[in-house]
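Look at the structure below before reading on. The paragraphs after it go through the model part by part.

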Amino acid sequence: MTAVGIDALAFFTPNTYVDLTDLAQARGDDPAKYTIGIGQDQMAVAPASQDLISMAANAAAQLPAGSLDDRLGLVIVGSESGVDESKAAAITVVRLLGLSPWLRAYDIKEACYGATAGLLAARDYVAAHPDRTALVIASDIARYGLAASGEVTQGAGAVAMLVSAAPRLLIVHDDAVAYTADLPDFFRPTGLTVPVVDGHYSTQAYLDFVTRITARHQEQYGDVLTDYTALLFHLPFTKMGKKALAALTADDRLEDRRQAASVLARRVGNIYTGSLYLSLLSLLCHDKSMRPGDRLGLFSYGSGAVGEFFSGTLAADFSDRIDAAGVTAMLAARHRLTVPEYEAMFNAQLPLGDAAATVPLGGDSARFTVGGRRDHARWYRDNT
Ligand code: HMG
């Protein structure tokens, strides 16, 4: 059976952020609540010139040159930040990237789980057609509202993954165990720009899913968690990963790796669908002891809720299939917003429903940016 999995992975986040010590002071909270209690140091803030489509295209454009060739047969965008109730964001991404039209493109929505559904669908597609490749992009802006209880867990960014046979980054095994239950922990009814969320209930639901699903995985596949070199979690905030690991095991080695896998999320925040894959990138960028052949366990959670645990094995060239230096440079080049600047940016989004609007480029240096709306349709700039 041909090995299938992630051949390359790339990340994009907007070039503006808020330092959470500044935010804590503005909200009258102890900064330690944010940095220790919740485990977040900074939060990416998306200007109006970035939406899920521009961020998705910006992430995919950073995959290694030549990745998106004629073998590409499938493009899936996982997102819960949709800008259209009907048309798939993936279609616009195909056009922005100048890809061949001879492929299938669609979106998957199920809260933060959507990209995992996409990755596993892409895995099955490539397993059935090993001469083809697939592009899976997770792209989201997490918005809870100014001074809302979830405010400190906002963020923005996109992760693009090329899926192929004989992958050079991570072999994704066919061992996924999924669990679905209809829960009111977090949802965003049509027309609302921020979710309805019961934060404490949602963290309990997440913990219930992670213990239940990993126990089932162990029953079905005979593994134990210490078989894994690292366990990766969906990280709505990094303390959530700490709670999840503590609920499963007290292994110090896995705790060290959890910290390495949390470094990027601490600086970017929740990117919903991309969060689990940002933690994979973080581990590979920040733990120099990772080796080809190491086995990883990945836990995905999307409110509502669907959870899934699956495993992967690092491939021989994994460190060449991410751009660790590029990620460091992208984060270092970001502009630190004051809290009033962040609040103004938060409120300056393209208004819902207007047929025509223009978004100024401002200080956005990304390749793809939102230009505005004409006859209700969003248009994008390619700033190359
Ligand atoms: P909160 O009520 O502001 O915070 O909500 P808290 O009072 O629960 O405190 C948080 C932690 O800080 C606690 O630690 C406090 O003890 C500690 P814990 O008991 O949890 O270990 N603390 C301090 N620590 C040090 N120094 C201090 C201090 N003060 C307090 N001075 C909450 C926090 C995360 C609930 C909120 O931000 C929220 O609602 N976030 C959004 C929802 C969320 O992220 N849920 C996660 C699970 S659901 C999920 O992952 C799916 C999701 O990504 C969406 C999707 O699927 O699409 C969200």
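Predicted model: local features only at pLDDT ≥ 70, side-chain atom pairs only at ≥ 80, totals over all residues.

Residues are numbered from 1 along each chain as its sequence is written.

The protein is divided into domain 1 (4-169 + 322-382) and domain 2 (172-320); such bounds come from an automatic or database domain assignment. The centres of the two domains, taken over C-alpha atoms, are separated by 19 Å. Domain 1 gives 53 residues to the contact and domain 2 gives 45 residues. Two residues count as in contact if their C-beta atoms, placed from the backbone, lie within 7 Å.

Which elements give two or more residues to the side of domain 1 that touches domain 2? They are strand E1 (4-12), H2, strand E3 (42-44), helix H5 (114-128), strand E6 (133-142), strand E7 (155-165) and helix H10 (324-332). Helices (H or I, at least four residues) and strands (E, at least two) are DSSP runs, numbered from the N terminus. The residues of this side of domain 1 divide into 27 nonpolar, 18 polar and eight charged. Here Ala, Val, Leu, Ile, Met, Phe, Trp, Tyr, Cys and Pro count as nonpolar, Asp, Glu, Lys and Arg as charged, and the others, Gly among them, as polar.

Residues 3-164 are given in an unreviewed entry as "domain: Hydroxymethylglutaryl-coenzyme A synthase N-terminal". Over residues 3-164 the chain is 30% helix and 30% strand, and the end C-alpha atoms lie 9 Å apart. For residues 251-347, the unreviewed entry has "domain: Hydroxymethylglutaryl-coenzyme A synthase C-terminal". In residues 251-347 the chain is 48% helix and 21% strand, with 44 Å between the end C-alpha atoms. UniProt positions are given in the numbering used here, feature names are shortened, and annotations may be inferred rather than shown by experiment.

Angles run from 0 to 180 degrees between N-to-C directions, and axes are lines fitted to C-alpha atoms, for helices over the stretch in contact. Strand E2 (residues 16-19) and E3 run antiparallel and are joined by three bridges. Asp19 stands opposite Gln42 in E3.

A second open sheet has three strands in the order E16-E17-E18, paired antiparallel. Strand E16 (357-358) and strand E18 (377-382) are at its edges; each has a single partner strand, so one side of each is left without a neighbour. Two bridges pair E16 with strand E17 (residues 368-374), and the bridge partner of Ala357 in E17 is Arg373. Helix H3 (residues 52-60) packs on this sheet, touching E17 and E18, and its direction makes about 150° with that of E17.

The ligand is surrounded by 30 residues, of which the closest are Gly37, Ala111, Cys112, Gly150 and Gly199. A residue is near a molecule if its C-beta atom, placed from the backbone, lies within 6 Å of it. Helix H2 (31-38), helix H6 (199-221) and strand E13 (295-302) each supply at least two residues of this shell. Domain 1 and domain 2 each provide at least three residues of the shell. By type, the shell residues divide into 14 nonpolar, twelve polar and four charged.

Definitions and conventions: Pairing = 2+ DSSP bridges.
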